Amino acid sequence: MDPSIFLILVQDGLTSGAIYALLALSLVLVFTVTRVIFIPQGEFVAFGALTMATLEAGEFPRTAIMLLGLGIAAAIAGYLAERRVITKRRLAWLIAETLLLPAVIFVLALWLAPRKPGLLPEMLLALAIVTPMGPYIHRIAFRPLAEASTLVLLIAAVGVHLTLTGFGLVFFGAEGSRTTSFASGSLALGPVMVTGQSLFVLGASIALAFMLYLVFELSLIGKALKGTAVNRLGARLVGIEPSLCGRIAFGVAAFIGALSGLLIGPITTVYYDSGFLIGLKGFVAAIVAGLVSYPAAAAAALAIGIMESLASFSASAFKEVIVFTAIIPVLLWRSLVHTRLGEE
Amino acid sequence: MPRRFAPVIGFLVALGVPLLPGVPPFWITLLDYIGLYAIVAIGLVVLTGIGGMTSFGQAMFVGFGAYTTAILTTRYGLSPWLALPVAIIVTAVAALIIGAVTLNLSGHYLPVGTIAWNISFYYVAGNLDFFRRYDGISGILPLSMFGVSFLDSARLYYLILVVVALAMIATENLLDSRIGRAIRALNAGAVAAEAFGVDIFRVRIFVFVYAAVLAAISGFLYAHMQRAVNPSPFNIEASIEYLLMAVVGGASHVPGALLGAGIVTLIKNELQDVLPKLFGLEGNSEIIVFGVILVLMLQVAPEGLWPLVSAPFRRALAKQRFSGTAKLVAQKSEMLSRREPPPRGDKLLEAIGLRKRFGGLVAVNDVDLDIRSGEIVALIGPNGAGKTTLFNIITGVDRPSAGHVRFNAHDITSMPARLVARLGLARSFQHARLIPGMSVIDNVAIGSHLRADAGPFRALLRLDRQEEGRLKREALAELERVGLAGEAERPALSLALGRQRIVEIARALSSDPVLLLLDEPAAGLRHQEKAALAALLRKLSEEGVAILLVEHDIDFVMGLCERVIVMNFGSKLAEGTPAAIARDPAVIEAYLGLGA
Amino acid sequence: MLELRDLAVAYGGVLAVRGVSLRVEAGSIATVIGANGAGKSTLLNAIMGILPSRGHIVFSASSLEGLPVEARVAAGLGLVPEKRELFSSMSVEDNLRLGAFLRRKEGRGAIAASLDEVFGLFPRLRERRRQLAGTLSGGERQMLAMGRALMGRPKLLMLDEPSLGLAPLIVRDIFEIIASMKRAHVAILLVEQNARAALQIADLGYVMENGTIVLEGSCEALRSDPRVVETYLGIAHA
């Protein structure tokens with residue numbers, strides 16, 4: 001392999017690695033706050049990309065119908081959870097969050113979609129359709145399981161994953177889609193041409209990661225999320241509602257998922273079930289980082305992206321084998337370090 | 001007690017199913033599949049539900065079993081009945097190697113490790129000619145035995161039924177044994193079990209191999225039932241599905257595996273039939289509804305369905321357990337042998353220049369310590385003085401940064417906890433570390449783990465009852481000694497914290513120690529209970545057991561001990577008789593305060 | 001301030017608390033003493049809503065029935081649990097700031113003033129404000145747990161075994177601070193197995209055995225009650 005091919009492969013690897021990194025960050029967030037290993041993360045990626053593709057084609061995205069349905073189910077679940085102690089104010093909030101909001105987005109989509117409003121409005125609309133699904137899914141599926149074991153939460157996540165994949169097939173069919181690139185042109189960096197799309201993906205990932213960092217370190221609500229992650233009962237004793245933190249974490253996860261979908265849409269063809277393997281790699285990166293460290297998760301994700309890109313060139317049939325077996329020694333090393341710390 | 005026969009009746013009913021008139025053959029085939037899935041899920045109950053190791057790799061082990069018999073029987077013409085042991089051995093060896101590499105992984109690294117192995121297996125099988133790539137191997141012969149061919153699903157049903165029943169019985173036997181207690185300690189009691197000589201890593205490997213072998217047997221049957229294999233049923237999705245069955249049924253209950261496999265298979269099948277008729281939906285739409293049902297089921301029964309189903313029989317089951325213990329204890333068998341304590345006054349434990357650094361903090365700083373046989377010594381000092389760290393170094397939980405420890409004529413510096421335990425050292429923990437989900441008596445019995453030697457095979461075949469009786473009798477005797485015999489069958493964690501500490505003392509005693517290390521044994525006891533504890537410790541000391549205890553209750557310490565060691569900021573501040581310590585001005589300033 | 005009527009709590013398959021009625025008056029200290037396992041912690045956890053219970057819990061003239069933990073905190077209840085439940089990987093100051101989570105709309109000034117108050121009460125915490133909570137010693141952890149609860153400005157503070165696992169000197173400090181909080185008009189419900197120390201500072205005492213209240217009265221009376229002396233104070237100290 002000559003150096004220029006190598007550099008192109010690294011560039012590809014960094015681009016997909018950046019996506020894995022974003023997903024890893026949100027998986028770490030969701031896990032630490034709610035203990036849920038969020039398998040359906042990948043579905044948000046697919047929904048984001050495919051909703052965008054539908055909008056580009058000037059059609060009404062049926063994910064908006066699903067948003068409405070999830071909202072209604074979340075309203076019912078929310079009411080059932082709080083029916084004995086609900087106040088008028090909280091009821092009003094619940095209705096606004098779960099019924100009014102999706103209705104507005106639905107009408108907006110109905111009105112905007114056939115008009116082909118252009119790249120940015122379409123992207124915003126796609127994000128608006130997918131992001132609220134996160135909190136709704138938390139209300140419907142995971143809040144009633146707040147006390148369950150990690151294993152049960154994991155299996156519930158599998159259930160959500162299956163349902164969402166099923167809907168993905170119904171909405172978008174088995175055909176894949178690719179969206180138009182939103183950053184054209186390229187940049188000569190020494191011997192390599194760096195595509196604008198790659199730069200955009202990297203830039204957006206770094207910006208988002210930095211934003212998350214700021215939120216967590218500086219804002220009180222960020223600290224509340226962190227506190228919930230560290231000690232759930234402690235958080236409740238100072239008045240932080242774990243279910244509110246869960247909804248926020250799921251919302252961030254859905255947003256990051258959808259945004260990742262928008263970012264990779266122009267690079268690869270996304271199918272209704274593409275999310276699973278993409279999410280799995282983000283998940284692996286998150287675990288390599290011990291499900292607690294954000295910078296380590298990002299680094300691991302970039303490494304996986306590069307490794308995958310190199311492997312796909314030299315032995316494409318064994319790409320996944322190489323990527324996944326290479327993880328084992330890393331895991332071993334992490335685990336040894338981890339246990340030693342755990343004993344102290 | 002007719003309920004004792006419930007499993008037998010269940011088996012007989014299951015035997016009769018194919019004989020019922022009008023049962024469509026497709027149903028029998030479905031039942032065959034349920035049986036095959038259940039065998040794998042039983043392994044997961046032990047591995048994941050009880051052992052706490054989440055595996056996303058069981059489908060790979062099913063694949064090992066299936067491919068081994070497929071290759072051996074089609075390519076080399078081997079009889080399936082010879083291929084079976086080979087498949088088991090191949091899988092066991094593979095699991096042993098994979099386990100040795102992967103089971104060092106703690107916490108969430110393990111599931112990812114198994115994901116990685118499973119995905120790799122899928123792509124390797126799909127890309128190598130040796131496995132006939134994605135097309136797979138066909139033309140596998142059906143099983144036959146004594147001239148009877150298991151070609152049709154009804155005959156195969158009986159074979160699968162017997163295997164499922166055997167797997168369930170063997171697994172229940174295994175869990176109710178010396179090894180079973182160690183397995184149940186894997187999830188949340190590893191440190192405590194290790195302190196009583198359980199080799200946690202070996203037990204983890206064993207459980208991993210056990211679950212893999214069950215998976216391989218299922219794979220073997222699958223290959224001869226399908227008469228063809230290809231990589232797709234052994235992919236990661238299938239592994240997730242096995243896990244799902246175990247969890248839906250009740251991941252820590254053996255019958256739950258069968259229940260889960262049945263319910264998941266039936267629901268999926270019904271949805272495939274019903275949905276297209278109901279909504280006219282085509283394609284993959286059944287997984288939408290399946291996912292919803294799965295989530296709802298977990299919300300209704302987060303512990304799985306088996307605890308829900310078996311709830312009406314819970315009292316009967318508890319009674320059965322109780323009489324089971326009584327029967328074991330009543331068996332005629334000799335007592336466990338006792339260790340001869342070293343002559344009174346001999347130097348038993350000697351620590352020289354012990355030091356422990358955590359990062360920049362020196363938790364223990366050049367501490368010397370010696371304890372003679374039969375002596376009671378107290379270690380006191382403010383919080384953070386390094387008492388518990390010193391305990392952890394002596395017992396092998398932590399390694400010292402410098403210094404040496406000799407115990408009972410052996411150098412035990414940096415020796416792992418389970419080997420230190422062998423030499424006759426037992427401990428209790430500051431925060432009681434009883435094993436959740438186990439009764440009081442089982443928790444105590446794990447203390448005498450090293451005084452018996454029945455391994456997994458004797459347990460599987462139930463050849464360990466004599467020894468088990470001895471262990472239970474010893475545990476009961478120790479519980480009597482600490483006054484908790486009446487609580488023997490209660491779940492250990494339902495006791496109050498103070499009493500859990502006392503159970504820990506019984507557990508330590510059942511290991512027949514020569515040195516007992518107790519971390520705050522009197523905390524949370526009221527006055528009379530403290531007096532009883534002091535009397536017990538005095539009696540042990542008369543029997544020749546040496547005792548080192550950390551305690552904040554000064555009255556308790558002063559009345560009981562011959563010698564008191566005071567620690568402050570990691571160093572030894574003073575040492576002497578209780579009376580001398582109580583007068584020592586340095587001790588008063590640092591620890592006791594003016595009022596004491 | 002707080003009134004329990006006929007409270008029952010099932011925990012671990014047994015009725016750990018039954019038929020308990022007690023009162024805590026505004027600006028006073030009430031204590032529940034008893035051996036470990038008598039149901040004292042269960043009682044506090046039920047009042048806080050961590051465990052479900054039957055019976056009546058009336059706080060500031062309104063029923064707490066069915067309210068989750070967070071809502072009870074918002075109503076003015078505070079609990080310093082037996083295991084402290086700190087945010088161990090966060091700084092001392094962040095722990096305290098989260099203690100005032102529900103007061104976030106009061107503005108920076110009010111929170112800073114509370115922070116100063118807590119630091120005044122526990123000067124050790126000021127020294128260690130940047131240190132991670134997990135690295136504190138046992139006594140400091142107890143101080144931080146109390147400080148965090150005070151940041152929420154509770155009307156009633158419940159303390160679960162504040163002396164557990166602490167050296168005698170520190171126990172004395174902690175009890176002095178509890179007595180001083182009463183002067184700051186916070187009502188206190190103190191659960192202790194260190195009966196001697198608890199009966200010294202409290203106004204009203206309850207003795208709990210096997211999940212029920214077997215004795216109640218002023219602490220002065222209880223200190224000289226022969227049953228209390230024999231069982232909880234030890235004959236040597238009568």
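What percentage of the 238 residues of chain C count as buried?

1. In chain C, 48% of the 238 residues count as buried, where a buried residue has 20 or more other C-beta atoms within 10 Å of its own, an exposed one has 12 or fewer and a partly exposed one falls in between, with C-beta atoms placed from the backbone.

2. This is a predicted model, in which local features need pLDDT of at least 70 and side-chain atom pairs count only at pLDDT 80 or more, while totals for chains, interfaces and linings use all residues. Residues are numbered from 1 along each chain as its sequence is written, and chains are lettered from A and ligands numbered from 1 in the order in which they are written.

3. The secondary structure of chain C comprises ten helices and ten strands, these being DSSP runs numbered from the N terminus (helices: H or I, at least four residues; strands: E, at least two).

4. Chain B holds an open, mixed sheet of six strands in the order E10-E11-E12-E7-E13-E14, where strands pair if DSSP finds at least two bridges between them. Its edge strands, each pairing on one side only, are E10 (425–427) and E14 (571–576) of chain B. Strand E13 (residues 563–568) of chain B pairs with E14(B) in the antiparallel sense over five bridges, and B:Ile565 has B:Glu575 in E14(B) as its bridge partner.

5. Between chains A and B, 39 residues of chain A are in contact with 36 residues of chain B, a contact being two residues whose C-beta atoms, placed from the backbone, lie within 7 Å. On the side of chain A that touches chain B, H14(A) gives the largest share, 15 residues, and the residues of that side divide into 26 nonpolar, nine polar and four charged (nonpolar: Ala, Val, Leu, Ile, Met, Phe, Trp, Tyr, Cys and Pro; charged: Asp, Glu, Lys and Arg; polar: the others, Gly among them).

6. Confidence deserves a comment here. Chain A averages a pLDDT of 88, with 95% of the residues scoring at least 70; pLDDT is the predictor's confidence in each residue, from 0 to 100. Within chain A, confidence is lowest in H14(A), at a mean of 67, and pLDDT stays under 50 over residues 340–344 of chain A. Where pLDDT is low, the predicted coordinates should not be read in detail.
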